[in-house]
Amino acid sequence: MPLDFQLATDAPSALETPLLVVALAAGEALPASLADLDARLGGALSRALARRDFRGARDETLPVGGEAQGVERVVLVGLGKGTD
């Protein structure tokens with residue numbers, strides 16, 4: 001099965017994809033562009049950051065369940081600090 005990658009400029013909440021990967025630096029807040037998607041996921045993304053389940057450390061990952069349609073899964077990937 002081939003793996004396809006796409007770079008999209010659409011609002012993340014409007015995407016139809018089996019997997020959305022979001023890269024965040026250490027200590028970074030949830031970008032405003034993800035607010036609608038976060039709301040559709042019941043606040044799962046903002047809760048993961050607030051509870052520090054995801055801290056954005058270099059190479060850290062956190063899979064988050066998505067929706068039945070639209071964004072089916074989300075994976076947060078840490079970029080670390082700017083000096084990493």
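A search of the whole structure finds 1 salt bridge, a term that here means a side-chain nitrogen of Lys or Arg within 4 Å of a carboxyl oxygen of Asp or Glu. This is a predicted model, in which local features need pLDDT of at least 70 and side-chain atom pairs count only at pLDDT 80 or more, while totals for chains, interfaces and linings use all residues. Residues are numbered from 1 along each chain as its sequence is written, and side-chain values use heavy atoms, with hydrogens and water left out.

Select E67 and R40, whose closest N and O atoms are 3.0 Å apart in the salt bridge. E67 lies in the loop between β2 and β3, and R40 in helix α1 (residues 35-40), so that the pair, 27 residues apart, links distant parts of the chain; helices (H or I, at least four residues) and strands (E, at least two) are DSSP runs, numbered from the N terminus. E67 is buried, with a relative accessible area of 19%, whereas R40 is partly exposed at 45%; buried means under 20%, exposed over 50%, and partly exposed in between (1.4 Å probe, protein chains only).

Next, select the strands, which pair if DSSP finds at least two bridges between them. β2 and β3 are antiparallel and share 5 bridges, and G65 stands opposite R73 in β3. β1 and β3 run parallel, joined by 6 bridges, with L24 opposite G78 in β3.

Finally, select L37, which, leaving aside neighbours within four places in sequence, is in contact (heavy atoms within 4.5 Å) with P12, S13, L20, L45, V71 and V74.
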